[in-house]
Amino acid sequence: MRKHTKLAIIYILLLFIGATLTVNMKPVEAEVTVPVVIPDEAIRLRILANSNSDEDQVLKEKVRDEVNKEITVWVEELTSIQAARDLIQSRLGDIEQIVEKVLQEENSDFEYTVGYGKQVKFPTKLYGSYLYPAGEYEAILITIGEGQGNNWWCVLFPPLCFLDFGNGEAVDAAEGESKENNVQVVVEEEPEVEVKFFVVEWLSKLFS
């Protein structure tokens with residue numbers, strides 16, 4: 001009888017400890033996807049590969065790396081869109097030289113073009129849960145060869161090039177129109193927290 005009484009006391013204490021830990025346990029934080037907001041006044045960079053072959057896509061990425069590395073340094077300290085426009089327009093020749101240098105290093109004989117304007121066409125893109133509609137935007141457009149391959153793009157000013165929008169999934173305009181235009185914060189459901197104590201379960205089985 002005393003043995004059962006002691007076990008019952010231990011069991012009650014363990015239940016109390018378990019309940020206290022469960023109440024005081026820090027809840028699991030819901031994951032929040034922060035919206036990627038592109039300002040109305042922004043300058044983008046878009047690079048079109050010759051084709052979707054592995055070689056052409058690798059070449060596009062090498063051009064991207066060198067061009068992006070240089071331009072992000074140029075605009076790093078700029079605080080106005082007009083200053084960014086003036087600087088980029090004055091250094092388009094430098095960008096052409098960078099592209100040409102990469103193509104030469106990769107033994108590529110592709111022709112290329114480097115342009116800048118406010119009517120550069122972009123396809124509809126999905127970045128995570130956020131839709132970026134097709135349209136004409138202010139941008140530098142680099143076209144390699146035929147320019148028939150998948151593109152890569154980012155925002156040069158304000159600097160958002162750490163985001164690779166080229167991995168976004170392209171969707172048809174009709175499909176894009178069915179989606180909400182407003183960018184929203186998506187909060188995933190918080191999973192239930194389940195706490196298990198081996199000793200408590202063991203004692204439960206014992207007394208059952």
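# Report on a Predicted Protein Structure

## Pairing of the Strands

Two strands are said to pair if DSSP finds at least two bridges between them. The structure discussed here is a predicted model. Its protein chain contains six helices and nine strands.

Strands E3 and E6 run antiparallel and are joined by nine bridges. Glycine 117 stands opposite alanine 139, which belongs to E6. Strand E6 is also joined to strand E2, in this case by five bridges, and the two strands run parallel. Here arginine 46 has leucine 141 of E6 as its bridge partner. Arginine 44 is bridged to valine 155 in E7. Strand E7 itself is mostly covered, for seven of its seven residues are buried.

## The Chain as a Whole

The protein chain has 208 residues, of which 34% are buried. Among its contacts with a separation of 6 or more, 76% are between residues 24 or more positions apart.

## The Nonpolar Cores

The largest nonpolar core consists of 27 residues. Leu45, Val67, Ile95, Ile140 and Ile142 have the most contacts inside this core. Two or more residues are contributed to the core by each of E2, H2, H3, H4, E3, E6 and E7. A second, separate core has 10 residues, including Ile38, Phe122, Tyr132 and Ala139.

When residues up to four places away in sequence are not counted, isoleucine 140 touches Arg44, Leu45, Arg46, Ile71, Ile88, Ile95, Val114, Gly115, Tyr116 and Leu156.

## Helix H3

Helix H3 covers residues 81-90, and its buried residues are Ile81, Ala84, Arg85 and Ile88. Viewed down the axis of H3, these buried residues lie within an arc of 100°, so they line one face of the helix. They pack against several elements: strand E2 (43-48), helix H4 (92-105), strand E3 (112-122), strand E6 (135-144) and strand E7 (151-157).

## Helix H4

Helix H4 has 14 residues, which at 1.5 Å a residue should span 20 Å; the C-alpha atoms at its ends are 20 Å apart, in agreement with this expectation. The expected span is 1.5 Å times one less than the number of residues.

Which residues of H4 are buried? They are Leu92, Ile95, Ile98, Val99, Val102 and Leu103. Seen down the axis of H4, these residues fall within an arc of 130°, so they too line one face of their helix. Gln97 and Gln104, on the other side of H4, are exposed. The buried residues of H4 pack against helix H2 (54-75), H3, E3 and E6.

## The Loop between H4 and E3

Asparagine 107 is located in the loop between H4 and E3. Most residues other than glycine have a negative phi. Asparagine 107, although it is not a glycine, has a positive phi of about 55°. This residue comes just after H4. Is asparagine 107 buried or exposed? The relative accessible area of asparagine 107 is 72%, and the residue is therefore exposed, since the cut-off for this class is over 50%.

Serine 108 lies in the loop between H4 and E3 as well. Its side chain reaches the backbone nitrogen of phenylalanine 110 at 3.3 Å. Apart from neighbours within four places in sequence, serine 108 is in contact with Leu59 and Leu103. Leu103 is one of the buried residues of H4.

## The Loop between E3 and E4

Threonine 124 is found in the loop between E3 and strand E4 (125-127). Its relative accessibility is 7%, so threonine 124 counts as buried, because the limit for a buried residue is under 20%. The side chain of threonine 124 reaches the backbone nitrogen of alanine 134 at 3.2 Å.

Most peptide bonds are trans. The bond that joins phenylalanine 157 and proline 158, by contrast, is cis, with omega of about -10°. Proline 158 lies in the loop between E7 and strand E8 (169-170).

Notes. Residues numbered from 1 in each chain as written. Predicted model: local features only at pLDDT ≥ 70, side-chain atom pairs only at ≥ 80, totals over all residues. Heavy atoms only, no water. Buried < 20%, exposed > 50% of the residue type's maximum accessible area, 1.4 Å probe, protein only. Helix = DSSP H or I, 4+ residues; strand = E, 2+ residues; numbered from the N terminus. Arc of directions from axis to C-beta. Contact = heavy atoms within 4.5 Å. Polar contact = N/O pair within 3.5 Å; in protein donor to acceptor, adjacent residues only side chain to side chain. Core = buried A, V, L, I, M, F, W, Y, C linked by side-chain atoms within 4.5 Å.
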